[in-house]
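Dear colleague,

Please find below the structure that I am handing over to you. A short account of the findings follows it.

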Amino acid sequence: LNNIFTENRDTPFIDSCMFQITNNYITTGQYSIEEEFGDNDLSNYTLEKMYPYGGSAYLKNCIILKRKNRN
């Protein structure tokens, strides 16, 4: 997700991208993996910290809209 927006411009703009997550993807929040999942095996999951608050969310087959402000 971090490599989606690579264009650079001098004027302010908003980049946006819509996509569907098709793998076993979990976004994590403020709690540690151990706090939320204990000793469960998460080796088949992609884990990424996407926001600083709240709990984790399993997003397989979800439609995602990502936006990024520039300048």
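**Findings in the structure**

L65 counts as exposed, at 53% relative accessibility. Please bear in mind that the model is a predicted one. L65 lies in strand β5, which covers residues 63-70. Together with M18 and I63, L65 forms a nonpolar patch on the surface. The accessible area of this patch, taken over its three residues, is about 350 Å².

As to the overall architecture, the protein contains one helix and five strands. Read from the N terminus, the order of the elements is β-β-α-β-β-β. The radius of gyration is 15 Å, well over the 11 Å that the globule rule gives for 71 residues, so the protein is more spread out than a compact globule. The C-alpha trace spans about 50 × 25 × 15 Å along its principal axes. Of the 71 residues, 20% count as buried.

Part of the strand arrangement is an open sheet of three strands, in the order β3-β2-β4, with mixed pairing. At the edges stand β3 (46-49) and β4 (57-58); each has a single partner strand, so one side of each is left without a neighbour in the sheet. The pairing of β2 (residues 25-28) with β4 is antiparallel and runs over two bridges. Within this part of the sheet, I26 has Y58 of β4 as its bridge partner.

Strand β1 (residues 13-20) holds D15. With a relative accessibility of 11%, D15 counts as buried, because the cut-off for a buried residue is under 20% relative accessible area. From D15 to G55 the separation is 40 residues in sequence, and their C-alpha atoms are 27 Å apart in space.

Yours sincerely

How values were computed
Residues numbered from 1 in each chain as written. Predicted model: local features only at pLDDT ≥ 70, side-chain atom pairs only at ≥ 80, totals over all residues. Heavy atoms only, no water. Patch = residues over 30% accessible without salt bridge, like charges linked within 9 Å, V, L, I, M, F, W, Y side chains within 5 Å. Areas by Shrake-Rupley, 256 points an atom, 1.4 Å probe, with all protein chains shown as cover. Salt bridge = Lys/Arg side-chain N within 4 Å of Asp/Glu carboxyl O. Helix = DSSP H or I, 4+ residues; strand = E, 2+ residues; numbered from the N terminus. Buried < 20%, exposed > 50% of the residue type's maximum accessible area, 1.4 Å probe, protein only. Pairing = 2+ DSSP bridges. Rg over C-alpha atoms; globule rule 2.2 N^0.38 Å.
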